[in-house]
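Dear colleague,

I am handing over the structure we spoke about, with the sequence, so that you can look through it yourself. My notes on what was found in it follow below.

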Amino acid sequence: GYSDLLKWTEDFTPNGEKSLARIDSQSQRMSGLVEDLLLLARLDEGRPPEKEAVDLTELMVENVSDLQGAAPDHEWELALPEEPVTIRADRRQIQQVLLNLLSNARKHTDPGTRVSTGLYASANHRDAILRVADDGPGIDPEFQDKIFARFARADQARSGEVGTSGLGLPIVKAIVEAHGGTVSFTSRPGNTEFEVRLPLLLEADDSDENDTATSGMRPSPED
């Protein structure tokens with residue numbers, strides 16, 4: 001953007017460089033806010049997600065690894081089943097759910113906090129269960145009833161130095177519900193846990209999808 005052009009073409013004093021860095025940071029923050037609002041608007045309109053088979057196991061490994069690199073001052077734990085856990089979903093949206101939950105745990109807790117992430121199949125093998133927990137100070141009980149409200153900010157309810165837009169958890173809830181799932185949480189000092197449930201991709205669902213994809217294909221000619 002324009003701030004990048006200035007950095008490349010102009011000489012700044014140390015104070016000028018700090019001011020330009022603040023401008024650049026605010027610009028990125030505003031761009032992210034606009035993208036979040038547009039996503040919520042699309043979800044509010046009821047647009048169905050563009051679904052495909054998504055391996056949650058693979059997605060969780062990628063995202064937890066990213067957070068480990070971005071926040072090495074936290075302890076990151078990951079528990080995965082031996083078999084892949086697959087759902088039908090919009091991959092980018094589910095990735096945003098994961099990133100928002102992991103980032104939420106990082107932003108609102110102090111260095112040294114342990115963040116544990118787990119993936120399981122429900123006992124009836126119909127749902128994928130994703131959990132993100134931390135052993136931080138917990139969420140203020142007075143804030144808990146509005147935690148999924150848009151623009152509600154937990155900056156004063158949990159420790160941490162990074163401000164937020166108040167859209168991360170509302171986006172999680174909107175995406176999960178658009179995929180036919182649920183999100184819930186429990187919180188007390190020393191243990192805050194978010195749980196997401198999403199319908200598993202069953203073999204019958206996969207077969208139906210393949211049949212739909214091939215129904216319009218012309219049969220191959222006989223020899």
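I begin with Thr 117, which lies in strand 4 and, at 4% relative accessibility, counts as buried; please keep in mind throughout that this is a predicted model. Leaving aside its neighbours within four places in sequence, Thr 117 is in contact with Met 60, Val 64, Glu 77, Leu 78, Ala 79, Leu 102, Arg 131 and Val 132.

Several of these partners come up again elsewhere. Leu 78, which lies in strand 2 (residues 75-79), is partly exposed because its relative accessibility is 33%, and together with Val 61 and Leu 80 it forms a nonpolar patch on the surface, with about 200 Å² of accessible area for the three together. Glu 77 takes part in a salt bridge with Arg 114, in which the closest N and O atoms are 3.7 Å apart. Since Arg 114 belongs to strand 4 and Glu 77 to strand 2, this pair ties together parts that are 37 residues apart in sequence. Arg 114 is partly exposed at 33% relative accessibility, and Glu 77 is partly exposed at 38%.

The structure holds 9 salt bridges, and two further ones deserve a description. Arg 91 pairs with Glu 62, with 3.4 Å between the closest N and O atoms; Arg 91 is in helix 4 (residues 91-107) and Glu 62 in helix 3 (residues 56-70), so the bridge ties together parts that are 29 residues apart in sequence. Arg 91 is partly exposed, with a relative accessible area of 27%, and Glu 62 counts as partly exposed at 32%. The side chains of Arg 197 and Glu 195 also meet in a salt bridge, at 3.1 Å from N to O. Here Arg 197 is partly exposed, with a relative accessible area of 28%, whereas Glu 195 is buried, with 15%. Through shared partners, salt bridges join Asp 127, Arg 131, Glu 193, Glu 195 and Arg 197 into one network, and Arg 131 is also among the contacts of Thr 117.

Not counting residues up to four places away in sequence, Ile 94 touches Leu 56, Leu 59, Ile 87, Ala 89, Ile 175, His 179 and Leu 198. Ile 175 is one of the buried residues of helix 6, which also include Leu 169, Pro 170, Ile 171, Val 172, Ala 174 and Val 176. Helix 6 is followed by Gly 180, which has a positive phi near 75 degrees.

As for the aromatic rings, the count comes to 2 pairs. Phe 148 and Phe 185 are edge-to-face, at 6.0 Å centre to centre and with 70 degrees between the planes; this pair links distant parts of the chain, with Phe 148 in the loop between helix 5 (141-144) and helix 6 (168-178) and Phe 185 in strand 6 (residues 182-188), 37 residues apart. Phe 185 and Phe 194 are stacked, at 5.5 Å and 25 degrees. Phe 148 and Phe 185 are buried, as is Phe 194, and the ring pairs link Phe 148, Phe 185 and Phe 194 into a cluster.

Finally, His 125 has a positive phi of about 60 degrees although it is not a glycine. His 125 sits in the loop between strand 4 (114-121) and strand 5 (127-134), and at 55% relative accessibility it counts as exposed.

Conventions. Residues numbered from 1 in each chain as written. Predicted model: local features only at pLDDT ≥ 70, side-chain atom pairs only at ≥ 80, totals over all residues. Heavy atoms only, no water. Phe/Tyr/Trp six-rings, centres within 6.5 Å; stacked < 30°, edge-to-face > 60°. Helix = DSSP H or I, 4+ residues; strand = E, 2+ residues; numbered from the N terminus. Buried < 20%, exposed > 50% of the residue type's maximum accessible area, 1.4 Å probe, protein only. Patch = residues over 30% accessible without salt bridge, like charges linked within 9 Å, V, L, I, M, F, W, Y side chains within 5 Å. Areas by Shrake-Rupley, 256 points an atom, 1.4 Å probe, with all protein chains shown as cover. Salt bridge = Lys/Arg side-chain N within 4 Å of Asp/Glu carboxyl O. Contact = heavy atoms within 4.5 Å.
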